[in-house]
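I opened the notebook to go through one model. My notes follow the structure below.

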There are 2 protein chains.
Amino acid sequence: MFYNNFFNVYLSDATAKMRLIEPHKNCKQCQWKCDIYFTTREMGMQHELKPVQMVYKKHETICRQDAAITHAINLVSGNAKMFVNGLFDKQIILGILMPANYIGLTAIFGSPNYPYNVTALTHCHTCQVDIDIVKKMYHANHDFQQMLNQSFSKTLASIMKKLVSLNQKQIRAKVAESLIYLAQLHESDQFMLTLSRKELGELSAITGENAVRVLSEFKKEGLIRVEGKEVCLLQKEVLQKISDAG
Amino acid sequence: MFYNNFFNVYLSDATAKMRLIEPHKNCKQCQWKCDIYFTTREMGMQHELKPVQMVYKKHETICRQDAAITHAINLVSGNAKMFVNGLFDKQIILGILMPANYIGLTAIFGSPNYPYNVTALTHCHTCQVDIDIVKKMYHANHDFQQMLNQSFSKTLASIMKKLVSLNQKQIRAKVAESLIYLAQLHESDQFMLTLSRKELGELSAITGENAVRVLSEFKKEGLIRVEGKEVCLLQKEVLQKISDAG
DNA sequence: TAAAAAAATTGTTGTAAAACAATGTTTTCA
DNA sequence: TGAAAACATTGTTTTACAACAATTTTTTTA
């Protein structure tokens with residue numbers, strides 16, 4: 001880690017890319033108020049919370065599968081992909097992270113290592129909090145506990161859903177499902193695809209080539225509009241039917 | 001529900017198969033002492049615990065996906081399969097339950113419905129405890145909390161592992177993996193397959209026909225010994241290699 | 001205990017999707 | 001700014017596996 005006077009940030013010496021912005025003096029000034037902040041305030045623990053902001057550029061790794069979890073990472077801006085290492089350097093994207101979203105909470109549930117990788121799809125701002133403090137909060141605060149438990153449980157449910165669909169659906173249904181998922185995530189039927197075609201394939205557990213193929217099929221059929229990274233779902237109901245039909 | 005004098009048990013009127021054995025007067029007499037019992041004893045809550053024993057015959061449903069969770073079900077003897085409903089009446093078996101194993105704990109984590117089905121592979125004895133009491137214990141007892149969190153976290157990890165393998169491995173690797181999984185479960189390289197060939201297929205996300213095929217291939221190759229339901233892994237390392245190679 | 005149903009086995013066929021290939025396009029960065 | 005790398009697209013080939021079919025064996029149950 002070395003200090004760069006010009007940019008007024010810390011650069012990690014490993015990649016010289018991951019930037020460590022000076023620690024918050026005060027969360028009150030933060031534009032992205034998070035649940036951990038609200039909870040610490042409620043519990044009178046602000047002084048213990050020493051959050052650190054980190055910025056990641058596109059393609060940079062935010063956390064690596066199997067590495068020890070030291071911090072709860074809150075994605076406060078940007079997009080990131082969450083994926084597991086498959087065989088033969090193939091990846092399966094479990095989902096896309098949008099703010100606000102915590103990474104690393106499994107440590108609280110007894111898994112001290114990250115169960116998946118997260119890498120930035122766009123510039124990402126994160127706020128990182130020592131995991132031990134979050135653990136302490138978890139055990140002391142029922143509402144916080146409930147919140148984390150619920151989010152953890154949702155993760156389990158979504159992975160189980162993915163297990164079924166990736167195993168039993170064919171490529172058109174898989175891509176349709178991914179598109180609907182992305183629209184839900186962006187809360188709009190029109191959105192910018194932060195994923196490459198290959199990554200859209202990884203999200204759908206198909207090859208990049210087939211992702212392209214299905215995308216242009218859907219375009220020809222008038223189900224979607226695609227121009228580069230811009231996607232618009234024109235006939236969502238039909239896509240939903242394709243997804244459901246398998 | 002009606003009472004059957006001959007068998008001295010309750011039979012549910014829906015199926016007339018599910019048997020409700022009289023409630024325990026005292027867990028002390030139970031041959032299968034479980035964690036919930038130990039924890040209630042520790043917490044001085046024995047009087048609140050009113051466990052009910054239920055017996056299920058082979059093929060009977062112990063719990064149904066999406067149904068409301070009313071009890072924590074402890075499988076105290078027998079084998080059961082845990083599976084999700086896929087498309088077109090296809091099932092994916094997530095794993096096999098062996099004693100002692102709790103079903104329905106996701107309710108504590110904010111998912112009030114069963115996320116999967118469980119049906120008996122053999123005669124199964126279960127002990128069922130009101131879920132609200134377990135919730136109460138969870139919130140009051142740190143050690144108990146830790147234990148359940150860890151088990152929940154393990155479930156997540158195993159499903160993620162399955163996600164990768166079922167997506168990227170081919171049938172021989174899938175079956176090899178299933179066989180190793182079963183051996184681990186039975187804590188022996190020689191075990192009785194409680195699953196049918198079709199179910200072994202569902203565990204491996206392949207057809208029953210291919211499960212048979214691979215099994216006889218492995219037999220011919222001297223990797224395993226199979227006689228009906230009796231399976232013995234002769235060359236576990238080779239099977240592991242096949243599984244890892246994908 | 002006989003008849004019926006379910007499970008196991010083996011061979012054959014059809015097909016969806018991966019793999020490969022070739023080419024054009026965009027992005028990266030030295 | 002220009003070369004190299006990464007990405008996108010489309011067509012062709014290969015292949016692993018599901019689907020189907022037919023027969024044998026085992027299990028269930030009336």
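Which of the 17 residues around DNA strand D come nearest? I looked this up and found R197(A), R213(A), Q170(B), I171(B) and N210(B); a residue counts as near if one of its heavy atoms lies within 4 Å.

I noted the conventions. The model is predicted, with local features needing pLDDT of at least 70, side-chain atom pairs counting only at pLDDT 80 or more, and totals for chains, interfaces and linings using all residues. Residues are numbered from 1 along each chain as its sequence is written, chains are lettered from A and ligands numbered from 1 in the order written, and side-chain values use heavy atoms, without hydrogens and water.

A backbone N or O atom of R197(A) lies 2.9 Å from a phosphate oxygen, and a polar backbone atom of I171(B) is 3.0 Å from a phosphate oxygen. For E209(B), I found a polar side-chain atom 3.4 Å from a base nitrogen. The elements giving two or more residues to this surface are α5 (197–204) and α6 (208–220) of chain A and α6 (208–220) of chain B; helices are DSSP runs of H or I with at least four residues, strands runs of E with at least two, numbered from the N terminus. α6(A) gives the most, four residues.

I then checked the atoms of DNA strand D within 4 Å of the protein: 68% belong to sugar or phosphate, the rest to bases.

Last, I turned to chain B and found an open antiparallel sheet of four strands, ordered β5-β10-β7-β8; strands pair if DSSP finds at least two bridges between them. I recorded β5 (61–63) and β8 (91–97) as its edge strands.

Terms used:
Polar contact = N/O pair within 3.5 Å; in protein donor to acceptor, adjacent residues only side chain to side chain.
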